Amino acid sequence: MSNNGNKIELPSSIVIRDLAQKIEKSPIDLIKKLMSNGVMATINQAVDFDTAAIVVAEYGFEAVPEIVEEVVVETGEVPLWRRMIAGEDETRLANRPPVITILGHVDHGKTSLLDVIRQTDVAAGEAGGITQHIGAYQVEHKGRTITFLDTPGHAAFTQMRARGAQGADIVILVVAADDGVMPQTREAIAHAKAARVPIVVALNKIDKANANPERVKQQLAEQELVPDEWGGNTMVIPVSAKQKQGIEDLLEAIVLVADNTSIKANPGGKVIGTVIEAELDKTRGTVATLLIQNGTLESGDIVVAGTAHGRLRALSDFRGKPVKKAGPSTPVAVMGLSDVPSAGDLFEVVDSEKEARLMVAERLALAKSQAQTRKKVSLEDLFSSVQAGEAKELNLIVKADVQGSLDPIVSELNKLGEGEIGIKVLYAETGNIGDNDVMLASASSAIIIGFNVQVDVTARRLAEKEGVDIRLYEIIYRMTEDIEKALSGMLEPEIKEQIIGRATVLAVFTASKFGKVAGCRVTEGELRRNAKVRLYRGNDIVYEGDMGSLRHEKEDVREVRQGYECGVGFKSFNDIQVGDQVVCYTVEKS
Ligand code: GDP
């Protein structure tokens, strides 16, 4: 932000206190000015640009919209693929085709667009079309090759990042012109920005009578994707997947962005890349699609991919045509791996089978020890990891029950982040905490803050597996207090819960002594009489607290293991239903 003469740059919304500071006036004075303009606001409330512009005008300032710098590869951190070619001789680097992934809200036309782009590929047409799907394909545009990942959606994209792979170099964000920016659009933007991958917007379905491109551009601008025709950095290309319109323009835009980002590799360098997909074929063994990111992969190479290894044979391109070798950004289907690697695993070529086996053994051992370690990033460890140089800032994902609480939370957090350790809110949205939030947190080493929301059952499990710290709050003050303490290294160890068992309610009984009792089967771990329980109905928690009673075959027992049936009573709680899930946990100080 800079003040140039009487001009003052203002964001799309600003908290009164910050606005006052910016123009060096008293906030009280400002509030009075607002009131005289018919706007009632407190010091902690935000006003939009237009309102702020009117007020600052009264002090002789001319407000101009702050140009929000897009988080593209030039800014800040180095994108993953650059790290993958670290150590390569700069003079040997050559441009490689950009790798594109398509993200966007459901039904906005991701699949249709991928199909249309695939069909417009003349080369594929000549070869009789693409008969097999290997998870990626390439098209030519004016002599330039572009690689497309074939699995749309940010789940795949983020899964790759969570494994340390660069999902793509450029994201095409599909937004339907009749529907506009929707929750998954915002989620996709957050994912792309967290990955520091540039975004090209495909404004799809412009053929529809109710298409409203201008409204969508406005919505995009609100998401800090300011269209280039409005002076911003985001290319917004009108297309219709249905009528095959605008596809060439979209490809042109990709080439332009690729040129700006200079995506390079050394074709003669160390061979590394990412597993796009892999499966076990009954007759052929493991068939995997590998995307080469550096070097040139050849038939006969010995490869380690995740914890799979083997000598590659039968390389074929996305058309199913056998090839002897494949260079950077080329997807190839290969056979010869011992095991089925996971999508997103990194692969590399090694010198001998012996070396490959050794690496795999090391990785397996490491995975085992990592499974025992705790959270990847936790609020308690923040300060020490910053001091150790492992973290530079605190990445947060914020979920709240209503928009009304989201805005003040985010502005409070932004304020806290003005100190030595920065805070970056990657994504802020209303709604419960779901799997996608956890994957984004895992991929971006972020902590999830929930405000008056619940955690979906599957998301809780995923968070445990991925080592993601989820913090739930009901009072903003408590949250800011925790974060303030974490930023200064003063946060006390948190009371942590450890899930020890799960059970399903199969029947509900009435026992005179205890009221209603849940007849359960333990499906995982064990239930312990002196532990705590949570009763889930779908994703909702209907009871949380102490266990009232635990019986096995009419006997009071201290624990019941997996596979056994038991009766569980909840303290002063009777609203039990068949199908409810019981989660048993202990709490401990970490
Ligand atoms: P995805 O969920 O994002 O992959 O969306 P799909 O590609 O499956 O498309 C969702 C629906 O929108 C389908 O019924 C498509 O036929 C339709 N659709 C996709 N693109 C267009 C378009 O450009 N114009 C119109 N009118 N419909 C489209």
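Student: What makes the charged end of R534 count as sitting over the ring of Y585?

Tutor: A charge sits over a ring if NZ of Lys or CZ of Arg is within 6 Å of the ring centre and within 35 degrees of the ring normal. The charged end of R534 is 4.4 Å from the centre of the Y585 ring and sits over that ring. Bear in mind that this is a predicted model, where local features need pLDDT of at least 70, side-chain atom pairs count only at pLDDT 80 or more, and totals for chains, interfaces and linings use all residues. Residues are numbered from 1 along each chain as its sequence is written, and side-chain values use heavy atoms, with hydrogens and water left out.

Student: Why is the pair of Y137 and F148 called stacked?

Tutor: Rings of Phe, Tyr and Trp (its six-membered ring) pair if their centres lie within 6.5 Å; planes under 30 degrees apart are stacked, over 60 edge-to-face and the rest tilted. By this rule there are 4 aromatic pairs. For Y137 and F148 the centres are 5.6 Å apart and the planes at 20°, so the pair is stacked. Y137 belongs to strand 8 (residues 136-141) and F148 to strand 9 (residues 144-149), so the pair ties together parts 11 residues apart in sequence. Strands here are DSSP runs of E with at least two residues, and helices are runs of H or I with at least four, numbered from the N terminus.

Student: How do you know whether Y137 is buried or exposed?

Tutor: Buried means under 20% relative accessible area, exposed over 50%, and partly exposed in between (1.4 Å probe, protein chains only). Y137 has 1% relative accessibility, so Y137 is buried. F148, at 0%, counts as buried too.

Student: And what makes F570 and F573 an edge-to-face pair?

Tutor: Their centres are 6.3 Å apart and their planes at 85°, so the pair is edge-to-face.

Student: Why are helix 8 and helix 14 called roughly parallel?

Tutor: Angles under 35 degrees count as roughly parallel, over 145 as roughly antiparallel, 65 to 115 as roughly perpendicular and the rest as oblique. Helix 8 (residues 183-194) and helix 14 (residues 435-444) pack at about 10°, with axes 10 Å apart, and are therefore roughly parallel. The axes are lines fitted to C-alpha atoms over the stretch in contact, and angles run from 0 to 180 degrees between N-to-C directions.

Student: Why is V226 called partly exposed?

Tutor: The relative accessible area of V226 is 21%, so V226 is partly exposed. V226 is in the loop between helix 9 (213-222) and strand 12 (236-238).
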